[in-house]
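Please examine the sequence and the model below.

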Amino acid sequence: AGWKREASRGWQGFEGAELLHPEYCTSPRSAITHFLRSSRRKFSGTMKGSERVKESAVARVVVVGGGYGGVTVAKGLDPLAEVILVEQKDQFVHHAAALRAAVDEAWQHSIFMPYSNLLSNGRVIHGTVSQVEGTRVHIFGQDPIDADYVVLATGSTYPFPAKYSASRSDVAKARLKQLHSYLHGARSVLLVGAGTVGIEFAGELRNAFPDLEITLVEKQSELLPTQGFADELRDQVREQLKELNIRLIEGSELAYLPPFNVGELGRFVVETKDGHRIEADMWFQCYGARPNTGYVAGTELQSAVRPDGALKVEPTLQVVGQTNIYAIGDVTDVRESKRADAARAQARIVISNISSQLSGKEPQATYNPSDEWVILPLGPEHGVSQLLDSQGNSRILGPDQTAEIKGADLMVSVIRSQLNLP
């Protein structure tokens, strides 16, 4: 309390002194950090020229990627460092609700959210990262940025409509509008891949189009082939798919792909290798995630890239061989399913470790992957979940509880709150 009173009196008369009020600062270090940041902002004006020249002793953290993990890290470190979030897309995309938006025009705008309120002190730069060379981040068409710490949170690619590759939200919305038009003209749809995406998409399609013929094909011997899911979960999914009149073919691979692009309208016939004949007007690929790590090609970080594109990380989530470079979410080789909640949990580990480094300590926090769990809605009123109780045991929840957890608003309100949006 004593240092707070002295700080408030001692800095009176300087612009930015209001940030030293005890309400805003919890330690001498945070008081100095807030004052330096404020004075830099008030006296330096707009930064021009190369970002490589740092203007104060405040540590700079560059977060590459503004998905679930990236925004968590950026927001968590915003009070402690100069945070720069670099994101290719002009708006945050809530991919957990993308499949609902694919079938329901009312959701088209709900999944796109601005970054404008995320950071109180740092800033968001919209641009495409071409290369991360050590702690120097290169952005197409802009000056490179030198950082003290870099967090790689660029996620993964996945076929449309589960994820959107367009950097502009208006382009993504236009493609959604076209998809809605195609779906209204279709009589039947083929979904290839009966993992979580394929199953959830099947439920969304059934809810929006009650008369649509839907076929779900999985080449593995059973749906939800990821290890760690309980047989009871699979059985309940099968029962609900049957109740929803969705045709399920397990253990059967397509002999060839349809002659049309994913999401395009056009009648076709395909067969599986064991003789199942499928006619449909549209098809969707519900598999094929790949980490976005191309920007490390040709750099020292390339040695940490696995054949599948994932980055090798230590338990502290530092990239192997690096001290001040971290990776979280889908880009890592952490052995667990790639989920939004996992990315956020990893982000909290990185926040803790960088905070320790800022105070001169070694990073101590480590990430331990959890057992598999999933909240799997099949539209707003159906679904099944596998959750973990306080003892770490799996529990299976039915449609009513699944809908209560996620089925209604698909966590939109949670994400809006994280982005500091009303």
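**A guided reading of the model**

Of the protein's 422 residues, 51% count as buried, where buried means under 20% relative accessible area, exposed over 50%, and partly exposed in between, with a 1.4 Å probe and protein chains only. This is a predicted model, in which local features need pLDDT of at least 70 and side-chain atom pairs count only at pLDDT 80 or more, while totals for chains, interfaces and linings use all residues. Residues are numbered from 1 along each chain as its sequence is written, and side-chain values use heavy atoms, leaving out hydrogens and water.

The mean pLDDT of the protein is 88, with 86% of its residues at 70 or more; pLDDT is the predictor's confidence in each residue, from 0 to 100. Over residues 1–50, pLDDT stays under 50, and the model has 67 contacts for them beyond four places in sequence, a contact being heavy atoms within 4.5 Å. Where pLDDT is low, the predicted coordinates should not be read in detail.

The protein has 10 helices and 21 strands. These elements are DSSP runs (helices H or I, at least four residues; strands E, at least two), numbered from the N terminus. Among contacts between residues at least 6 apart in sequence, 60% join residues at least 24 apart.

Consider next the parallel sheet. Four strands form an open sheet in the order S13-S12-S11-S16, with parallel pairing; two strands pair if DSSP finds at least two bridges between them. S13 and strand S16 (282–285) are the edges, each having a single partner strand, so one side of each has no neighbour in the sheet. On average, neighbouring strands here are turned by 15 degrees against each other, direction ignored. Strand S12 (residues 213–218) and strand S13 (residues 247–250) are joined by four bridges. Along this pairing, Val217 has Ile249 as its bridge partner in S13, and Glu218 stands opposite Glu250. In a regular strand the side chains alternate between the two faces of the sheet. Together with helix H7 (residues 231–243), S12 and S13 make a right-handed β-α-β unit: with the strands pointing away from the viewer, the path from the first strand over the helix to the second runs clockwise.

Four bridges link S19 to strand S20 (residues 383–388), and Val374 stands opposite Gln386 in S20.

The largest nonpolar core has 117 residues, of which Leu152, Tyr164, Leu190, Leu191, Leu205 and Phe284 touch the most other members. Such a core is a set of buried Ala, Val, Leu, Ile, Met, Phe, Trp, Tyr and Cys residues joined through side-chain atoms within 4.5 Å. Helix H8 (residues 340–358) gives the most to this core, with seven residues.

Where does Ser252 lie? Ser252 is in the loop between S13 and strand S14 (268–271). With a relative accessible area of 1%, Ser252 is buried. Leaving aside residues up to four places away in sequence, Ser252 touches Val217, Glu218, Lys219, Thr272, Asp274 and His276.

Key. Axes fitted to C-alpha atoms, helices over the stretch in contact; angles between N-to-C directions.
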